[in-house]
Amino acid sequence: MTDVSQDALFEFLLRMGDNTLILGHRVSEWCGHAPILEEDIALANTALDLLGQTQLWLGYAAEVQGEGKTADDLAFLRDVWDFRNLLLVELPNGDFARTIMRQFLFDAFNSVVLGHLQTSGDENIRAIAEKASKEAAYHVERSADTVVGLGDGTRESHDRMQGALDFLWPYVGEMFASDDNDRALAEAGIAPDPAGLRDEYNALIKRVITKGTLTMPDSDFAHKGGRTGSMHTEHLGHILCEMQWLQRAYPGCKW
Amino acid sequence: MSNEWPLWEIFIRGQHGMSHRHVGSLHAPDAEMAVKNARDVYTRRNEGVSIWVVEARHITATTPGDKGPLFEPSESKVYRHPTFYDIPDEVGHM
């Protein structure tokens, strides 16, 4: 096990925390608008769980950064180019099918990653992973059931789910696009190299997608730029506008 | 065919050793989703250790009109209540 730089660790923690922050915000947009009351509550619960995980990841990130900042500072006072979330999670909700499919594709990834992080050499990461993986296990069970229910549902729900899968598929590859940062953490025994998780992930989602009578797309094309911060979609700026305006307009405001 | 999901009655056991109690109802397409919805709707604040769901149509209930024959006869039978016995103090709380 080799030592890893604080910068590399910080980068990793942002990637974890920004995923849950941005997806949590996206999912919360459904609050009061979901097609049925029970789904509305379930989605809001998921959004809150994701924000809870964000607090842990970004809280630790702020500690590692060592500039006296907090999780809130990182969430509300960074600009687009500093965010390290996957492009997948910043995409607009679209219809309910796209929201559910995006949730499933992320939940599956999150549950696989968190499973491996429970044996991390970093005890803080281990503790966060242990807590978050119970939530993630429920999230993926729920979203998988909904993918199957809607995929193997009516003609319309099936077509919408297949459309959602085809649309989102090019955003899945980024999860496994490792860079030097990932390799450094893997060598140090802190986090798994994402490239090595693809088979486990594919096996999980293939089972669900097939059960939902949907077809796995066979393209390998992947949009990238989110987890490295080199090129987010135009949607992230709009999310931050809404999410950050209060802290920007009234700096330091508390309630 | 109705487009509405069936109604489910939800029972939650608050802690080990207690009975499941009816807490309310919700809609869900099947039993598995009813359990998940119940988890999200009724156990958010750590209310339970076990959930039962039962589709409302499977519950057979008494009707208010049957109140007379069903319940009133027991009103006048005080001897059915074990209130005519002196319980020794040593027994404690029963």
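Which residue forms a salt bridge with A:Arg142? The legends below treat that pair and its surroundings in a predicted model.

**View 1. A:Arg142 and B:Asp40 form a salt bridge.** The closest N and O atoms of the two residues are 2.9 Å apart. A:Arg142 sits in helix α6 of chain A and B:Asp40 in helix α1 (residues 31-42) of chain B, so the pair joins two chains. Both ends are buried: A:Arg142 has a relative accessible area of 5%, and B:Asp40 has 1%.

**View 2. B:Lys36 meets A:Glu141 in a salt bridge.** Here the N to O distance is 3.2 Å. The count between chain A and chain B is three salt bridges. Across this interface there are also nine residue pairs in polar contact, with both residues at pLDDT 80 or more.

**View 3. Chain A touches chain B through twelve residues.** A:Glu38, A:Asn45 and A:Tyr138 supply 47% of what chain A buries against chain B, more than any other three residues. On the chain A side, α2 (37-65) and α6 (123-151) are the elements that give two or more residues. The largest share, six residues, comes from α2(A). By type, the chain A side divides into five nonpolar, two polar and five charged residues.

**View 4. A:Arg15 and A:Glu11 pair within helix α1 of chain A.** Their side chains meet in a salt bridge at 3.3 Å, N to O. The two residues are four apart in the helix (residues 6-28), which means about one helical turn separates them. A:Arg15 and A:Glu11 are both buried. They also belong to a network of salt bridges that links them with A:Arg84, A:Asp179, A:Asp182 and A:Arg227.

**View 5. Strands β1 and β2 of chain B run antiparallel.** Seven bridges join β1 (residues 7-13) to β2 (residues 20-27). B:Trp8 stands opposite B:Leu26 in β2(B). Six residues lie between the strands of this hairpin. In the hairpin, B:Gly17 takes a positive phi near 95°.

**View 6. B:Arg57 and B:Glu55 meet in a salt bridge.** The N to O distance is 2.8 Å. B:Arg57 is exposed, at 64% relative accessible area, whereas B:Glu55 is buried, at 14%. Over all chains, the whole structure holds 18 salt bridges.

Conventions. Residues numbered from 1 in each chain as written. Chains lettered and ligands numbered in written order. Predicted model: local features only at pLDDT ≥ 70, side-chain atom pairs only at ≥ 80, totals over all residues. Heavy atoms only, no water. Contact = heavy atoms within 4.5 Å. Buried area = accessible area lost by both parts, 1.4 Å probe. Salt bridge = Lys/Arg side-chain N within 4 Å of Asp/Glu carboxyl O. Polar contact = N/O pair within 3.5 Å; in protein donor to acceptor, adjacent residues only side chain to side chain. Nonpolar A, V, L, I, M, F, W, Y, C, P; charged D, E, K, R; others polar. Pairing = 2+ DSSP bridges. Buried < 20%, exposed > 50% of the residue type's maximum accessible area, 1.4 Å probe, protein only.
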